[in-house]
Amino acid sequence: MSVDIKKRLDRIVEILIQMQSKRVVRAQDLADRFDVSLRTIYRDIRSLEQAGVPLIGEAGMGYSLMEGYRLPPVSFTKEEALSFVAVEKLAEKFLDEASAAIHASAMMKIKAILKSQELDLVNHTQDQIIMRKQGSPIFQEKVPHVLSYAIESIANKKQVQIDYQGIKDDRPQLRTIEPIGIIHEIGFWYIVAFCIEKQDFRQFRSDRINRIQLTKTPFSTRHMTIGEYLEAKAQPEAPKVRAIIRVKPEYSSYLRWQRNYYGLVDEIKHADHIEMHFDVKDIKHEFPRWLLMFGDMIEIAEPQILRDNFINLLREISLKHEPKN
């Protein structure tokens, strides 16, 4: 069998598997996934139909399998089986207790159909991968089901009540929310939801949720999708200010942990220093406070307003700590 024929057969099988995993699959999505033309995908679809696979749909609309049609159990390659190890370790670290338990149950069913050689390989490799927990817990211990409840709310379009302590709150506040999605960034999970009390969309960080309860109350209205929310959030912001920071090479690693979060756009190496260029949103408060962490390791090259803000911040700190007579 030629390489091209095998490649096409593998692609057709993958298309069939993907159709079993979704209600409707668009030809363009398949073309993007396999990096082939639409014409190639349409030819593969015709091959499936000629093989007796009951497909519903047409070009331009999408395709789906007839209700009740299922593939026989599939086998996994060695590489696919080993990928389960990484996924399981990530689940242990990043999912809440309830979601991790559900995932572990699903993984046991998947492992049950592995060949003995693949299973031995997975079990051996599993002990060699260690995921250390991060310093700040992602979830409160008393709410080990934040993600699973949020996912259930999204699926059933039912309101959720939470006790949420924002960064400026002295104590948790009762909020009724209508989740539209979940995102992970900067080490934490965020539930994106329409807040009934605020009558606007908010992001609720997982570790600040002290209690969560599903309700039977349907959503108050139809909301935008999480994709539409993120697209709206990414709209052009206020103009950013270019800041240039010089740091000695031996100290540059200290700035690397959060540099991208603060808008790093370029890094130029010189003989005796590294020049870091940032596009900064908040040059008056947030950015100079972050730079303050690095003290004499850095030198602010420009702009002058950033130097002034940095110096003013140092003066305020100095005044607060002067001996009182």
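Author: Thr 176 is found in strand β4. The model is a predicted one.

Reader: Why is Thr 176 called buried?

Author: Buried means under 20% relative accessible area. Thr 176 has 12% relative accessibility, so Thr 176 counts as buried.

Reader: Which residues does Thr 176 touch, not counting residues up to four places away in sequence?

Author: Contact means heavy atoms within 4.5 Å. With residues up to four places away in sequence left out, Thr 176 touches Gln 159, Val 160, Gln 161, Phe 194, Cys 195, Ile 196 and Glu 197.

Reader: How do you know that β4 and β5 pair?

Author: Two strands pair if there are at least two bridges between them. β4 and β5 have eight bridges, in the antiparallel sense. One of the links joins Pro 179 to its bridge partner in β5, Ala 193. The hairpin of these two strands has two residues between them, and Ile 186 takes a positive phi near 50 degrees there.

Reader: What makes β5 largely enclosed?

Author: Eight of the eight residues of β5 are buried, so the rest of the structure largely encloses this strand. Both faces are covered.

Reader: What about β3 and β7?

Author: β3, residues 158–164, pairs with β7 over six bridges in the antiparallel sense. Asp 163 has Arg 211 as its bridge partner in β7.

Reader: In what order do the five strands form the open sheet?

Author: The order is β6-β5-β4-β3-β7, with antiparallel pairing.

Reader: Why are β6 and β7 said to stand at the edges?

Author: β6 (200–205) and β7 (209–218) each have a single partner strand, so one side of each is left without a neighbour in the sheet. On average, neighbouring strands of this sheet are turned by 45 degrees against each other, direction ignored.

Reader: Which helix lies across β3, β4, β5 and β7?

Author: That is α7, residues 146–156, which runs at about 95 degrees to β4.

How values were computed:
Residues are numbered from 1 along each chain as its sequence is written. This is a predicted model: local features need pLDDT of at least 70, side-chain atom pairs count only at pLDDT 80 or more; totals for chains, interfaces and linings use all residues. Side-chain values use heavy atoms; hydrogens and water are left out. Helices (H or I, at least four residues) and strands (E, at least two) are DSSP runs, numbered from the N terminus. Axes are lines fitted to C-alpha atoms, for helices over the stretch in contact, and angles run from 0 to 180 degrees between N-to-C directions. Buried means under 20% relative accessible area, exposed over 50%, partly exposed in between (1.4 Å probe, protein chains only).
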